[in-house]
Amino acid sequence: MREDTIFAPASAVGGAVAVIRISGPDAARVARLLSADVTKTPRELRFVRVRDGAETVDDGMAVYLPAPRTYTGEPMAEIHCHGGSCTVQRVLALLSGCGFRPAEAGEFTRRAFVNGKMDLSQAEAVMDVVNAAAQQSLRAAVAQLNGSVSRAVGEVESLLLDALSGIDAALDYPDEAETDAYAALPEQLKAAQERIARLLAEGRRGRVLRDGLRVVLLGRPNVGKSSLLNALLGSERAIVTGQAGTTRDVLDERAVFDGVPVRLFDTAGIREAQDEAERIGVSRAREALARADVLLVVLDGAAPLAAEDAALLAETAGRPRILVRNKCDLPAADMELPEAALPVSARTGAGLDALRTAILALAAPQQDAGDPCVTNERHLRALDCALASIRAAQAAAELDCAATDLRAALRHLGTITGTDVDERVIDRIFANFCVGK
Ligand code: GDP
């Protein structure tokens with residue numbers, strides 16, 4: 001247990017009520033400031049006056065939570081006082097006077113991790129829950145907070161540990177018929193490999209839930225990309241003019257389609273740049289294109305197919321794309337397209353719902369609820385490394401080489417739950433938290 005006792009407001013500034021959290025070995029000292037000794041009635045939220053000597057600073061409520069059944073695993077207390085900044089400042093000053101110190105970013109959760117109340121993946125989920133931008137992202141974050149990632153990683157770890165102990169037995173007693181465990185090795189490694197591969201596949205779904213489905217609008221100037229983007233967003237974000245080449249940069253806007261977060265990228269188009277600003281825009285467009293989940297190839301449905309359109313169709317063939325015939329409010333031009341195109345009008349809004357549905361149908365992740373879902377980039381990288389180590393073990397000619405690979409795989413998995421992780425990684429993770437968490 002750490003020596004110092006920390007405090008921080010846990011609620012946002014400006015609310016009607018402020019919740020101030022205290023955690024550490026001396027948390028019980030908070031009773032000095034209160035009109036009732038809350039340490040005598042643990043886990044009971046009581047009406048109290050907060051006092052500075054003889055002066056009443058505020059009326060509120062307070063609770064004392066003895067260790068170890070608390071968020072941090074340490075003795076904790078909470079004061080609920082009025083939310084005005086003068087009141088909060090005064091109460092915080094009184095807590096400093098008790099010998100407590102202000103908490104650092106994420107320090108409560110960090111203590112929970114250090115004291116074994118949660119593993120690292122769960123601690124990271126705390127942030128994801130708070131920052132979730134859509135209901136599906138929230139669901140994945142809550143599952144992770146409840147240990148879905150930890151359990152999935154634990155299953156793979158136990159497969160690998162079984163495999164390792166089989167190898168160790170075979171190495172220790174090479175002459176004995178201890179080959180049962182050893183014979184199971186290929187099966188065990190295959191099971192571990194498949195499990196990780198599945199987690200990685202689900203991870204793509206997780207990434208979408210966290211970061212949004214990446215939808216890139218492509219098309220030659222004036223086909224109506226900016227208008228379409230605005231129509232899909234329902235607001236005026238991009239600059240729309242009748243002149244070619246006004247969208248100089250890649251715009252990145254966020255929307256939610258049917259519970260799925262979506263990022264819409266409007267590009268300056270893939271065309272020869274006229275000046276420096278456009279050149280930068282074009283290179284960013286190519287980058288957005290490379291990372292897209294869905295490409296919307298926007299065509300001017302009222303104009304014949306131009307050479308630029310044909311080049312774009314050729315360039316995006318084989319990618320997940322939707323051909324969009326914009327300006328369907330105008331008389332349609334004849335055009336030959338490699339596949340059916342969706343008629344829409346950014347001007348009237350016709351066809352937009354069908355377009356949203358088509359985007360989700362093409363790329364939205366399957367909703368197999370309840371499955372563990374690794375959504376965190378750091379976890380996915382660790383799974384990738386673990387998978388590579390398991391593949392190396394499968395290919396190893398010697399048993400002791402295989403054992404070394406499996407130990408490496410276990411170390412990679414350990415970075416996810418935090419059993420085997422560099423202090424600097426932990427610092428970086430908690431530095432992203434806010435104070436009071
Ligand atoms: P971008 O260069 O591809 O981004 O195209 P803009 O969104 O700037 O649109 C170019 C021109 O086409 C503007 O004058 C828009 O008002 C017009 N436009 C865009 N969408 C439609 C549409 O659905 N119907 C009609 N009639 N005009 C449109």
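Let's start with helix α10, residues 307-316, where Asp309, Leu312, Leu313 and Thr316 are buried. Those four sit on the same side of α10, because they span an arc of only 100° around its axis. This is a predicted model, by the way. What do the buried residues of α10 pack against? They pack against three strands: β7 (213-218), β10 (294-300) and β11 (321-326). Just after α10, Gly318 takes a positive phi of about 90°.

Now step back to the nonpolar cores. The largest one has 31 residues, and those with the most contacts inside it are Leu160, Ile196, Leu383, Leu406 and Leu413. Four helices each supply at least two of its residues: α5 (148-172), α7 (185-211), α12 (377-395) and α13 (399-417). The top contributor is α5, with nine residues.

Next stop, a sheet. Six strands make an open sheet in the order β3-β4-β5-β2-β1-β6, with mixed pairing. At the edges are β3 (46-52) and β6 (101-102); each has a single partner strand, so one side of each has no neighbour in the sheet. Look at β5 (residues 76-82), which pairs antiparallel with β4 (residues 55-65) over five bridges. Along that pairing, Ala62 is bridged to Ile79, and Val63 to Glu78. With β2, strand β5 is again antiparallel, over seven bridges, and here Val17 has His82 as its bridge partner. Since five of the seven residues of β5 are buried, the strand is largely enclosed by the rest of the structure.

Helices cover this sheet too. Helix α1 (residues 85-97) lies across β1 (6-9), β2 (17-23), β3, β4 and β5, running at about 150° to β5. Helix α2 (residues 107-114) also packs on the sheet, touching β1, β2, β5 and β6, and its direction makes about 135° with that of β1.

That brings us to some aromatic rings. Counting rings whose centres lie within 6.5 Å, there are two aromatic pairs. In one, Phe113 and Phe430 have ring centres 6.4 Å apart and planes at 35°, so the pair is tilted. Phe113 belongs to α2 and Phe430 to helix α14 (residues 423-431), so this pair ties together parts 317 residues apart in sequence. The other pair, Phe430 and Phe433, is tilted as well, at 5.1 Å centre to centre with 45° between the planes. Phe113, Phe430 and Phe433 form one aromatic cluster. Are Phe430 and Phe433 buried or exposed? Phe430 is buried at 2% relative accessible area, and Phe433, at 6%, counts as buried too.

Note on methods: Residues are numbered from 1 along each chain as its sequence is written. This is a predicted model: local features need pLDDT of at least 70, side-chain atom pairs count only at pLDDT 80 or more; totals for chains, interfaces and linings use all residues. Side-chain values use heavy atoms; hydrogens and water are left out. Buried means under 20% relative accessible area, exposed over 50%, partly exposed in between (1.4 Å probe, protein chains only). The arc is that of the directions from the helix axis to the C-beta atoms. Contact means heavy atoms within 4.5 Å. A nonpolar core is a set of buried Ala, Val, Leu, Ile, Met, Phe, Trp, Tyr and Cys residues joined through side-chain atoms within 4.5 Å. Two strands pair if DSSP finds at least two bridges between them. Axes are lines fitted to C-alpha atoms, for helices over the stretch in contact, and angles run from 0 to 180 degrees between N-to-C directions. Rings of Phe, Tyr and Trp (its six-membered ring) pair if their centres lie within 6.5 Å; planes under 30 degrees apart count as stacked, over 60 as edge-to-face and the rest as tilted.
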